[in-house]
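Hello,

Here is the structure I promised to pass on to you.

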2 protein chains.
Amino acid sequence: MTLIDPGTALDAARLEFREDLLDAGLLIGSASAGIYGRSATFEAILAGLDRVLTEMAAPLAAIAVRFPPVYPRADFERTDYIASFPDLAGVVSSFEAGDREHRELLAAREEGRAWDGWLTPSDVVLTNAICHPLYATLEGRLPAGGAVYDVLGWGFRHEPSADPMRLQSFRMHEFVYVGDPQGAQEYRDTWLDRAVETLQSLGLPVTAVPANDPFFGRAGRMLVSAQLRENLKIELTVPIYGDLHEGTAIASANCQRDHLTAAFGIRTADGETAHASCLAFGMERTTLALLRVHGLDVGSWPAEVRSRLGL
Amino acid sequence: MTLIDPGTALDAARLEFREDLLDAGLLIGSASAGIYGRSATFEAILAGLDRVLTEMAAPLAAIAVRFPPVYPRADFERTDYIASFPDLAGVVSSFEAGDREHRELLAAREEGRAWDGWLTPSDVVLTNAICHPLYATLEGRLPAGGAVYDVLGWGFRHEPSADPMRLQSFRMHEFVYVGDPQGAQEYRDTWLDRAVETLQSLGLPVTAVPANDPFFGRAGRMLVSAQLRENLKIELTVPIYGDLHEGTAIASANCQRDHLTAAFGIRTADGETAHASCLAFGMERTTLALLRVHGLDVGSWPAEVRSRLGL
């Protein structure tokens, strides 16, 4: 599988950034594209960024909850993720048979044949967006005025790429509002502005642009049109590859309307279907954007940025 | 699937502990056994514990690396995990076909039929032990005197259970030595003692016992015998359910000999196959043990324990 074409200037720039990160020891390569170890320095930047975002969100008095990197398949089935993004999903299977089948599996493996046929689907899938397991816990009526949640965890997208900005497994920090439709719209707009200010204060030249998610296939193209037309999701992008690319999204502010709240039976205090909106930060992408903008030697970053990140 | 039998006193005690944790809001239940959200209080205990462990390990001057919750299937294939623990593994698949196959998948799903047949194995699996992705990065020669690594991340075990001490997805903090055989044995013995002292200093009544890992099937029973006979792995257990159970492991010190170092071609400075040993802490299990021993109301914990954990 050719994941990137070094013959184009953009892909050459991506490969060069990746090599620079590996040479500097900030990322540690693996046998899979988009799967890396993170160095102590990389993690220190990410932790500093996380403190800045948590301070930014303090006025929200959000309820913090943490979820694991897998969540129930039963909840995944309540979303339309396998319809919209089948190619990005990660479904987990395991071995649930006996000694005889296990011997058959091992014999097939010994002969270099596929052995997945002996596995059965498990009751979990990889968490695609860290707010999805949250919604599953909110079934029923919300308090009056709605609620705001602070969720941080690992997301998965099956999209192997040599572009270091496109990982298969990465952390997201999301601040999620659930409540009435007007509250959801206002939340998205207010906190989009705060996110822009916060990221700019770290020296990141962010631009707010309408998002077009990679919905799958022919039917998906209509969903993209609707998303753009209704201006539901705004992405904050940073130019990572100069003029070669329009910029990479590091955060988003997303008005989800009743898309997931209806699926999970989440209602406002007066019994209406709730709306949700969320402010989401890609923790690795934002860390990488900081490294791209300020350079790979953290010691030479602007003093103010280092101070804010506690570096 | 009956995961637990409330008719026995032990299982009744497990269910009661689980209910107490859910009622206190420390864990948030989900549709899958062993998959929970964690509250801010739970995370504060876990973070405090992590600081204590990091301080304990400071003399090691370990190299810190963080890995995601999935790792390359190519590396998984270099281990014998699917031979020893097939039932605990988590193998990831995704959708890699086109529009037509996607329509077939959705039609099957709509009719309530299984749709996993349209998926294909992906290039990653769930990380079973957080030291496994590390070994894959160490191929080649180590520096003279070996090296010590600090790894923290999410592990996965497919073992749905209503016992809150048995999670499917959980964090492990491991301190891993790789070097010569004598160094590996000494490391295990020295740091086992330090781990016992550290956990006891938090009020945990730990006992060191020889481990017998749940190797699969008939062939696995011989591996258990060998593991016990050679005293390779020691577990630190805490009584969670009084006299009803012999105690649950919250940490282990494991002399792995050349088990994984040979598989990954890791050699000492003078070219011999390296040996490895690791000190591993189950972060959720240790947090739950603290809650079990000191009570679910953190405010009423002994002042000294709260102070050490920064609570």
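First, some housekeeping. This is a predicted model, in which local features need pLDDT of at least 70, side-chain atom pairs count only at pLDDT 80 or more, and totals for chains, interfaces and linings use all residues. Residues are numbered from 1 along each chain as its sequence is written, chains are lettered from A and ligands numbered from 1 in the order in which they are written, and side-chain values use heavy atoms, with hydrogens and water left out.

**The interface**

The contact draws 67 residues from chain A and 67 residues from chain B. Together the chains bury about 5000 Å², with 61% of it on carbon and sulfur atoms; buried area is the accessible area (1.4 Å probe) that two parts lose on being put together, summed over both.

There are 4 salt bridges across the interface, a salt bridge being a side-chain nitrogen of Lys or Arg within 4 Å of a carboxyl oxygen of Asp or Glu. Arg109(A) and Glu77(B) meet in a salt bridge at 2.6 Å, N to O. On the side of chain A that touches chain B, helix 5 (residues 99–110) of chain A gives the most, with 6 residues. Helices (H or I, at least four residues) and strands (E, at least two) are DSSP runs, numbered from the N terminus.

Over all chains the structure holds 32 salt bridges. Asp116(B) and Arg73(A) also form a salt bridge, at 2.7 Å, N to O. This pair crosses between chains, from the loop between helix 5 and strand 6 of chain B to helix 3 (residues 73–76) of chain A.

An open sheet of 6 strands takes in both chains, in the order 4(A)-6(A)-5(A)-5(B)-6(B)-4(B), with antiparallel pairing. Two strands pair if DSSP finds at least two bridges between them. Strand 4 (70–72) of chain A and strand 4 (70–72) of chain B stand at the edges with a single partner strand each, so one side of each has no neighbour in the sheet. Inside this sheet, 3 bridges join strand 5 (residues 91–94) of chain B to strand 6 (residues 120–126) of chain B, and Ser94(B) stands opposite Thr120(B).

An open sheet of 9 strands has mixed pairing and the order 1(A)-2(A)-3(B)-8(B)-9(B)-14(B)-12(B)-11(B)-10(B). Its edge strands are strand 1 (27–28) of chain A and strand 10 (207–210) of chain B. Strand 1 of chain A pairs with strand 2 (residues 37–39) of chain A in the antiparallel sense over 2 bridges, and Leu27(A) stands opposite Arg38(A).

Best wishes

Definitions and conventions
Contact = heavy atoms within 4.5 Å.
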